[in-house]
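Please keep the sequence and the coordinates at hand while reading.

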Amino acid sequence: MSHDTLNPEVMPSEPEKATLEGKNKFLGFWFFLGGETVLFASLFGTYLALRNSNNGGPTSEELFGLELVFVMTMLLLTSSLTSVYAMYHMKNNDFRKMQIWLGITVALGLGFLGFEIYEFYHYIHHYEFTFRSSAFGSAFYTLVGFHGGHVLFGLLWIITIMARNAKRGLNLYNAPKFYIASLYWHFIDVVWVFIFTVVYLMGVI
Amino acid sequence: MSTTTAQRTGFGAVLWDYLTTVDHKKIGILYLISGGFFFLIGGLEAMAIRIQLIKPENDFVSAGFYNEILTMHGTTMIFLAAMPLIFALMNAVVPLQIGARDVAFPFLNSLGFWLFLFGGLLLNASWFLGGAPDAGWTAYAPLSTTSPGHGVDFYILGLQISGAGTLIAGINFLVTIVNMRAPGMTYMRLPLFTWTTFVVSALILFAFPALTVGLFLLMFDRLFGSGFFNANMGGNSVIWEHLFWIFGHPEVYILILPAFGVFSEVLPTFAKKRLFGYTAMVFATVLIGFLGFMVWAHHMFTVGLGPAANSIFAVATMAIAVPTGIKIFNWLFTLWGGNIQINSAMLWSLSFIPTFTLGGMTGVMLAAAAADYQYHDTYFVVAHFHYVIVGGVVFGIFAGLHYWWPRMFGKILNETLGKITFWTFFIGFHLTFFIQHFLGLMGMPRRYWVFLADQGLDTGNFISTIGAFLMAVGTIVFLINVIVTTSKGEKVSGDPWDGRTLEWAIPNPTPHYNFKQTPLVRGLDALWVEKTEGRKEMTPAEPLDDIHMPNASILPFIMSLGLFIAGFGFIYQIDNISWLLAVFIGMGITLGAMFVRSVKDDLGHHIHKEDLDKGAGL
């Protein structure tokens, strides 16, 4: 093969799709996100069926405070925007700026996760609302917890590839990895928009 | 990155080769061996069921054990036998049919296999660890949530792990078929087996996550005290039925469509005609795949969803008969006026048409919601789904194995033994299941471990059991055939059937890199196009060059092993909290292997063109 994926002479404008492996990853990851959509759709369906089954415990109106959730939403939406900036700099082959924006993305994601942990702690200790207290509790912690688990995995993933490639910069081998990690991050964000609407907004109205 | 063609021999080397292989041909063989193994286990369970039911109030097995073998028969046959055997054919054939050197994600291909195998082993480990799952293959809550012991936990964790493998395999084939086609291989030139693989992979992608969620919820209810299906906590057990069948109904199309693909390859080859109505066949395949998602509630007619829901799902279900009917007629018209050659592959294909049509007709009967109240949970249903799954899927797998055996192993299966297999299995099958329609209509419920004498059920059940023995004989003869062919069979050319599609354009044995030069596809039935113009080989689409191949890796095995260990931890932590250690160790192994995979560059290697003539990669 003529070109060297690790040390390309020129970086193309779309380095994530410049090799066959990159194209495969790109397409395969979109398919994977299709499957993830069904996964979350199933969890949303379950939640909608059980959200009023509070079994005498606290209801969603009593639990949810929109202030905290609004801050969390802003953090995660902003992190999606910063990951777009990172991909913009990847396409311009500016590795340093890409790393900076990815770092900001990670920081915002960590902030989100911290608030979510606080939120769960608050429900458990002030309302004794747990995974085991009612079908509503089970459905709530499963749906939101699955999302939180995805956020955690996404953060570990982005940190791993940032650290792995910190010294060698961009090439045609790692560009698809950065790109699909950012796709994953956008997906997490989109799921959160639905959680914000279906769980929290519909929960207090 | 350098070329390694060093040939090591000996058992250890072969074992290591298969543990680390990312070659789709070898992974196909691994799927075949393990799927065949589970098929035999599932068959033994079937025999135990039929022996128990040979006479009224038999005591061959206890009631509890009957529940276990019944559950495990269904679960094993669907998830651990039919699925992997189909994946065996897909892996062996699809990359060759599209002119590719491997699948899009060879590493993930290996991971998918090992996840399936370790999931299957975990599920079957339950036999030795206090009893197998006993809540039916559908594991309806609350029966499954309240089932004592750990049987159902093994079901949950085993299927969760093997299901992840299936999902990975599905994504892999989707990307392979989109991105890896040879020049000129447009979508409307894809062989029909590749088309069905494509549609089935999409079904897997959108169906399996529903099972994943269902199994998680069941696991949380059983092992972590949640209340999804527990009415005392406000839960609703019908949610399980919806999630299970949103997966479960597409699953039956996941099984049958590849079999349709096999017949669509075998019939044209041995009728010496191109497939009749290729475009309609593709359209029908896609339509069946689409409608397959719209009909899950026909399994739940008696739940009480209401007349509106039942009517909608009844009509949608009946609609599937239309594209399926199109296929049946297209196969018949393919045969019409053809120069038909009868051999084992062809016998399975020809017998499939009437057998499957019978199963389809009872399917339409069951789709009538009002009538279903009478059929529901009787042997009529058992007869119906065995007619479509055995008469469709198993016949398809047998046809495919006889057809592609020379491609996979370089030898043609013995014809005499093949015909003995066919006739014993075919007659045994109809003997076993035809009578069950009438047993069901007479009111015999499914899943009961005994029936009473003098209810008009004695003779029918006796005949059914005799038929099961004939099927067992047919299976044993097939195993003998495999041994005889492997030891005594003669090597054949790369194109023993005078084939039409690209997989027959390759020498025997198939080189590691499949195609020395990527072929140029100039029409439907690419090899046949060349043959009609007097050429014996494909026209190459590229000059001879270095060939890029993926590296072998042990990581998929390690990742799957980690989940296997973690599975035991999840199951037993409810008895003793220290088992959480196994969860951490197992997940640590898996996540650690994923970390290594992420940070360690894997660029594959090249086979240099100078080495190709010296036999590199053969």
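## A partly exposed phenylalanine

B:Phe385 is partly exposed, since 18 other C-beta atoms lie within 10 Å of its own (a residue is buried if 20 or more other C-beta atoms lie within 10 Å of its own, exposed if 12 or fewer, and partly exposed in between, with C-beta atoms placed from the backbone). B:Phe385 sits in helix α14 of chain B, where helices (H or I, at least four residues) and strands (E, at least two) are DSSP runs numbered from the N terminus. From C-alpha to C-alpha, B:Phe385 and B:Leu413 are 29 Å apart in space, and 28 residues separate them in sequence.

## Basis of the model

This is a predicted model, in which local features need pLDDT of at least 70 and side-chain atom pairs count only at pLDDT 80 or more, whereas totals for chains, interfaces and linings use all residues. Residues are numbered from 1 along each chain as its sequence is written, and chains are lettered from A and ligands numbered from 1 in the order in which they are written.

## Backbone geometry in loops of chain B

B:Asp377 is not a glycine, yet its phi is positive, at about 60°; the residue is placed in the loop between α13 (369-375) and α14 (379-409) of chain B, and it counts as partly exposed because it has 14 C-beta neighbours inside 10 Å. A positive phi, near 55°, is also found at B:Asp498, a residue other than glycine. B:Asp498 lies in the loop between α16 and α17 of chain B, and with 13 C-beta neighbours inside 10 Å it counts as partly exposed.

The peptide bond that joins B:Asn508 and B:Pro509 is cis, with omega about -5°, and B:Pro509 belongs to the loop between α16 (458-488) and α17 (526-532) of chain B. Another cis peptide bond runs from B:Ala141 to B:Pro142, with omega near 5°; B:Pro142 is in the loop between α4 (106-125) and α5 (143-146) of chain B.

## Helix packing in chain B

Helix α9 (residues 278-291) and helix α11 (residues 321-335) of chain B have axes that come within 9 Å and cross at roughly 150°; here axes are lines fitted to C-alpha atoms, for helices over the stretch in contact, and angles run from 0 to 180 degrees between N-to-C directions. α9(B) and α11(B) are therefore roughly antiparallel to each other (angles under 35 degrees count as roughly parallel, over 145 as roughly antiparallel, 65 to 115 as roughly perpendicular and the rest as oblique). Contributors to the contact include B:Ala284 and B:Leu287 of α9(B) and B:Ile326 and B:Lys327 of α11(B), where two residues are in contact if their C-beta atoms, placed from the backbone, lie within 7 Å. By class, the residues of this contact between α9(B) and α11(B) are seven nonpolar, two polar and one charged (Ala, Val, Leu, Ile, Met, Phe, Trp, Tyr, Cys and Pro count as nonpolar, Asp, Glu, Lys and Arg as charged, and the others, Gly among them, as polar).

Helix α12 (residues 344-367) and helix α15 (residues 415-441) of chain B pack with their axes 10 Å apart, at an angle of about 10°, which means that α12(B) is roughly parallel to α15(B). Among the residues that make the contact are B:Trp348 and B:Thr362 of α12(B) and B:Phe422 and B:His437 of α15(B). The contact of α12(B) with α15(B) comprises four nonpolar, five polar and two charged residues.

## Chain A and its side towards chain B

Chain A has six helices and zero strands, and its C-alpha trace spans about 70 × 30 × 25 Å along its principal axes. Of the 205 residues in chain A, 40% are buried.

Between the chains, 32 residues of chain A are in contact with 33 residues of chain B. On the side of chain A that touches chain B, the elements giving two or more residues are α1 (20-50) and α5 (135-164) of chain A, and the largest share, 15 residues, comes from α1(A). This side of chain A has 15 nonpolar, 14 polar and three charged residues.

## Annotations from UniProt

An unreviewed UniProt entry places the feature "domain: Heme-copper oxidase subunit III family profile" at residues 27-204 of chain A; the positions are given in the numbering used here, feature names are shortened, and annotations may be inferred rather than shown by experiment. In the model, residues 27-204 of chain A are 83% helix and 0% strand.

The UniProt annotation "transmembrane region", from an unreviewed entry, covers several spans of chain A, including residues 27-48 and 183-203. Residues 27-48 of chain A are 100% helix and 0% strand, with end C-alpha atoms 31 Å apart, while residues 183-203 of chain A are 100% helix and 0% strand, with end C-alpha atoms 29 Å apart.
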